Each structure stands twice: as structure tokens, then as C-alpha cells.
Amino acid sequence: MLWLNKRDRRRADQNVMRTMRRIANERTESQAILSSLNVGIVAYGSDNRLIASNPVAEIYFGVIPDSLDSFLDRFGADNGMRAAYYLESDDVSGELDIDGYTLRLVCQQHPLRIDGERFGGHIITAQDVTQFRRQEEQRKVFVANVSHELKTPLTTIKSYSETLLDWGIDEKSRDDIKSDVTRIYDDSIRMERLIADLLLLSTIDSSRLHVQMVLFNLSECARQICERFKDQASAKSIALDFSVLSLQSTVLADRSSVERILTNLIVNAIHYTEAGGSIRVYAGNIVDDFYIKVVDDGVGIDQTDLDNIFRRFYRVDKTGSRAFGGTGLGLPIAQELARMQRGRIEAESEPGIGSQFTLFLPSARRILRESLFEVSKREKPRDAVATAAHDTVRRWLDELSGEENVKYDTGSFDLRGLLDIIDRKVNDCP
Ligand code: ADP
């Protein structure tokens, strides 16, 4: 009997231990879940006392108030949450700006059952919507800018054509009529350009721009574009010269995007340089990056404007950008296009002395060598440049081995041979 009692007691002890372990495990698990959430959680019990909170909530709120009332006094007074709570509204939620974050707070009553017991407390969730609100703000500003930019030429078109229709055609001289019609025509061109730029930006923003990454010689591309604009520059008595500082400059990029970027930089240099000035275009390299530098001795840009010229619609009015129909979208588009090729544009300038805009692009040799290791590690291409690089490497590997679809991810291929091919093909690129 005694033996049985002892055994029963031991079993009972073991059961207690097991239950305690289970509770401890469940507690650890729920704490781990709470901690891993990237949403702030604060829970108050049915007596409105603080029961739990997670680390994210502590980052947002600091020391968490120990009762629901004091939480709502501190964080729910200005956003209507406290009032909604006391009026027993179904929706107790609001936004809170705190320490640079914009949080969306939702307070819900939870008639949950925990271990058979009703839990009538409140759970407050805090979600970081800072990025979302910022994007929304930018979108609003963008739409306001677009409307303003479209409205300006439209107003001119409307008022000039109204005047002509009302009395101008009958009463104005032929020359005046011609000048009014020219004004209407110029503004319709401005609208057309603006709409084309906006459509291009929206295609870039939504990653729908069709790009074709190919190997080509960046210096040669820049030389051809300089050639194309020589006449336009000399019509304004501006000298446009091109010099090559590095012989080999093969890039893997979308040629038409690069042409567009260089065209924009050169056309800007022509616009913002006075008659008799000069523009020099240099092609060179810094270690593994190639650059095209467009240097003018034009009007220049002061530091405040320089910090803003890559912002959409930003124009420096005193440079007369509006007068010749600038949209203020040229440089932002150029910068986006450069980023798509893993490049960038940098600007330096001094008012009255001139400006220097430099397009940097990574060398094809570097991209292709990097992609060799990416494909051998079976990494997925992370952008359009990598997709083209991986395809090119695979094609050359097939060429090297004389077979098709050689397994490049087994590490068994001729690495030295492939590196030599990359160097040769890159050097031979016309
Ligand atoms: P825009 O269509 O007005 O030329 P951009 O985005 O190409 O728009 O340029 C933005 C602004 O930067 C221009 O309004 C102009 O004031 C300034 N800018 C650009 N390039 C030059 C330059 N080479 N010299 C002086 N100012 C320039």
C-alpha cells in the first residue's frame, strides 16, 4: 500500500513537473511569437491593467503605461481614440506621430477564452505606416505638380485661341496672328513633351520599361552623340569637343537608355551655356567603373539648387528653363535610367563658372566576373543587368565547351578558360 502510495506520489510529481514544463514552454513560445512580430502589441486585462507587451511596442512607446486609461491619455487623446473608447465606439483606432514614426493604432476588445476563462481585456496593435504615409504624400505632391505643369500651357493655348476666335482673326495683323498661333503651337509641344516624360517615368516606376542589355563601347556611344549635337551647339556658337581618356570601355547596359542620358546631359549643357562658351565631353575610367563627363562653362548652379536638381519637376527658373520648355523631368529620368544600369549621375557646379555632370557605369568585365560567381552559387539574377550577364556567361560557356546547356553550377567547368573569354570578348567589343 505504502509502495503504491509512493509510486502514485512520484507519478503525481512527474505530472506536475510535466505540466509546469508545458506551461513554461507555451509561455516561451508565445513570448517568442510576440517578440518576432514586427507589429507593436500591448495587452491590458479585464481590470485594465497591463498584462503583456512586445519589444516593438517598447521601441515605439518607451515605458508602456500600466493601465489602459493612462495609455489612452498619453497616446489616444489627439487622435480621437480616447473619445471613441469612452463612447464605446466599435472603431477605436487612430494615427500617432511619435519619434519620427507614423503609427496606426487599433484598440480591440478581446473576448478570448484562455484556459476556459474569459479574457475581457484589450489588445492594442501599433503598425508602422511611416513609409506608406510618406509615399502617399509624395504621390499627392506629384499629382499636384503634374496638374500645375499641364495647366500652365493649357491656359495659354485656351486664352490665345479664344482671343483669335473672338476678334483676333478679324482685327489682328497677319504677323500678330502668326505669333499667337506659334505660341499655341509651342505650348502644345511642351504639353506633348511633358506627357511623354510622365509616361516614361511611370513606366520606369512600375518596372515596366523594356530594356535590352547588350555589350557596347561607352566612349564610342558618347562620341557619336557628341557628333549628333555638334550642329546644334555651333548654331549657338558653342564649341563641343570630345576626348577619350580610356581606350577600352565596354559596358553591359541598355544602349538606348544610355543614349538618352547622354543626350539629356549634352542638351542641358547647350541650353545653359551662353553663346561663345564651350562644352567638353570626356570618356574615362576609375578602377572598374567607366564615366562620361560633360563639362560646360555656362551659367552654373548654386549649391541649394544643385541639391535639388534630381528632384522631379525641379527647375532653376533664373536659368530660363521654362522659357525654352524644360519640364524639370530630364535629370530625374536620367538618374533613374542610370540606376537601372547599376550606374549613377553626379553633378558639380559653380555659379558663373560652369557645371560638370558625370555618368558612371560599371564595366562589363566586372559585371560578368561577378555573375560567374553568382551563377556558380545558383543565385537568381537580382536585376536586368544580372539577367543579361548570366545569359551571356552561359552562352560563352557553351561556346567554350562546344556543348549546349553546360552545367555551370557544378563548378566543374573551365573557370580559367571562361575568365579569359570574358577578358577577350570585352576587349574586342567594337
Ligand atoms: P529641364 O527640362 O528644366 O532642363 P532637367 O531635369 O534636365 O530639366 O534639369 C533641371 C534643372 O537643372 C534645369 O532647370 C536647370 O536649371 C538645371 N541644369 C541642368 N543642367 C544644367 C547645366 N548644364 N547648367 C546649368 N543648369 C543646369
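Begin by selecting helices α5 and α6, which are roughly antiparallel to each other (angles under 35 degrees count as roughly parallel, over 145 as roughly antiparallel, 65 to 115 as roughly perpendicular and the rest as oblique). The model is a predicted one, in which local features need pLDDT of at least 70 and side-chain atom pairs count only at pLDDT 80 or more, while totals for chains, interfaces and linings use all residues. Residues are numbered from 1 along each chain as its sequence is written, and side-chain values use heavy atoms, with hydrogens and water left out.

Helix α5 covers residues 130–171, and its axis lies 10 Å from that of α6, at an angle of about 160° (axes are lines fitted to C-alpha atoms, for helices over the stretch in contact, and angles run from 0 to 180 degrees between N-to-C directions). The contact of α5 with α6 has 16 nonpolar, five polar and five charged residues. The crossing of this pair is left-handed (the near helix is turned anticlockwise from the far one by less than a right angle; clockwise would be right-handed).

Next, colour by domain: domain 1 is 37–128, domain 2 is 135–205, domain 3 is 213–362 and domain 4 is 365–427, with bounds that come from an automatic or database domain assignment. The centres of domain 1 and domain 2, taken over C-alpha atoms, are separated by 52 Å.

Now select α11 (residues 364–376) together with α13, whose axes are 10 Å apart and pack at an angle of about 160°; this pair is therefore roughly antiparallel, and its crossing is right-handed. The crossing of α12 and α13 is right-handed.

Finally, turn to the second largest pocket by selecting Asn264, Asn268, His271, Tyr272 and Gly330, which lie nearest its centre among 34 lining residues. A pocket here is an open set of points on a 1 Å grid over the protein atoms alone, where a 1.4 Å probe fits, with protein on both sides within 12 Å along at least five of seven lines, and lining residues have an atom within 4 Å of a point. About 700 Å³ of space lies in this pocket. Helix α8 gives the most to the lining, with eight residues.

How values were computed
Grid points are joined across faces, edges and corners, and a volume is the space filled by probe spheres set on the points. Helices (H or I, at least four residues) and strands (E, at least two) are DSSP runs, numbered from the N terminus. Ala, Val, Leu, Ile, Met, Phe, Trp, Tyr, Cys and Pro count as nonpolar, Asp, Glu, Lys and Arg as charged, and the others, Gly among them, as polar.
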